[in-house]
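The following exercises ask the reader to work through one protein model step by step. Please keep the sequence and the structure in view while reading each solution.

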Amino acid sequence: MVQRQVLYLGEINDGQHEDWCRAIEAFDEGERRHTQLALFPADRSVPEHAQAHGVQLRLDAMELHRPRQWGACWLACQLYGQLELDRFWAERLPHSREGTRWQHILQTLVCYRLIDPGSEWRLHRQWFERSAMADLLGADFALAEKNALYHHSPRRRA
């Protein structure tokens, strides 16, 4: 296996690290506004400059649940948009009477074929729930339901 470095982001000094810690933003649901937070491991004390907004995290207790592929999905959606495929299909694929959004199904199928090609069955049973497509399209799992994926035409035939 051959590896090649394609990008070096450099190193940050202590002052830059402090600035970075100050730049973390969170949404306070109770106050309905954004708040600046600084995150620090629980085994270290919060520096004086971050006392008012420092949050200590127990890194050893953190768990990852339902990890999803985000970057590739986001990039595929960006490419789809830059090629104006969303605009092209908007007038050609109206929503069904039942509310099926054919544009989102098509975009999901295109992104799936670009990122990790496979069958519609695999898309329905595995890939969709492990991807960020639902979040990116503002949809839910019904988008990848097998009946929607196997139904090849949004128009009923006479």
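**Exercise 1.** Determine what share of the contacts between residues at least 6 apart in sequence joins residues at least 24 apart.

Solution. The model under study is predicted. Among its contacts between residues at least 6 apart in sequence, 40% join residues at least 24 apart. One example of residues brought together from separate parts of the chain is given by Thr-108 and Leu-143, which are 35 residues apart in sequence and have C-alpha atoms 8.5 Å apart. A further example is Trp-102 with Leu-143: these are 41 residues apart along the chain, and their C-alpha atoms are separated by 8.9 Å.

**Exercise 2.** State how many helices and strands the protein has, and give their order along the sequence.

Solution. The count is 7 helices and 3 strands. Along the sequence, the elements follow the pattern α-β-β-β-α-α-α-α-α-α. Of the 158 residues, 23% count as buried.

**Exercise 3.** Decide how helices α4 and α5 are oriented relative to each other, and identify the residues that form their contact.

Solution. Step one: locate the helices. Helix α4 comprises residues 102-115 and helix α5 residues 120-130. Step two: consider the axes, which come within 12 Å and cross at roughly 85°. Angles of 65 to 115 degrees count as roughly perpendicular, so α4 is roughly perpendicular to α5. Step three: list the residues. Helix α4 contributes Thr-108, Leu-109, Tyr-112, Arg-113 and Ile-115, while α5 contributes Glu-120, Arg-122, Leu-123, Trp-127 and Phe-128.

**Exercise 4.** Are Trp-102 and Thr-108 buried or exposed?

Solution. Both residues require the cut-off for burial, which is under 20% relative accessible area. Trp-102 lies in helix α4, and its relative accessibility is 9%, so Trp-102 counts as buried. Thr-108 is also found in helix α4; its value is 2%, so Thr-108 is buried as well. Leaving aside neighbours within four places in sequence, Thr-108 is in contact with Leu-123, Trp-127, Phe-128, Met-133, Leu-137 and Leu-143.

**Exercise 5.** Classify the ring pair formed by Phe-88 and Trp-89.

Solution. The structure holds 3 aromatic pairs. For Phe-88 and Trp-89, the ring centres are 5.0 Å apart and the planes stand at 85°. An angle over 60 degrees counts as edge-to-face, so this pair is edge-to-face. Phe-88 is partly exposed, with a relative accessible area of 37%, and Trp-89 is partly exposed at 27%.

**Exercise 6.** In which loops do Arg-32 and Glu-84 lie, and what are their phi values?

Solution. Arg-32 is found in the loop between β1 (24-28) and β2 (33-41). Although Arg-32 is not a glycine, its phi is positive, at about 60°. Its relative accessible area is 64%, and Arg-32 is therefore exposed. Glu-84 lies in the loop between α2 (71-82) and α3 (85-90). Glu-84 likewise has a positive phi of about 60° without being a glycine. With a relative accessible area of 40%, Glu-84 is partly exposed.

How values were computed: Residues numbered from 1 in each chain as written. Predicted model: local features only at pLDDT ≥ 70, side-chain atom pairs only at ≥ 80, totals over all residues. Heavy atoms only, no water. Phe/Tyr/Trp six-rings, centres within 6.5 Å; stacked < 30°, edge-to-face > 60°. Buried < 20%, exposed > 50% of the residue type's maximum accessible area, 1.4 Å probe, protein only. Axes fitted to C-alpha atoms, helices over the stretch in contact; angles between N-to-C directions. Helix = DSSP H or I, 4+ residues; strand = E, 2+ residues; numbered from the N terminus. Parallel < 35°, antiparallel > 145°, perpendicular 65-115°, else oblique. Contact = heavy atoms within 4.5 Å.
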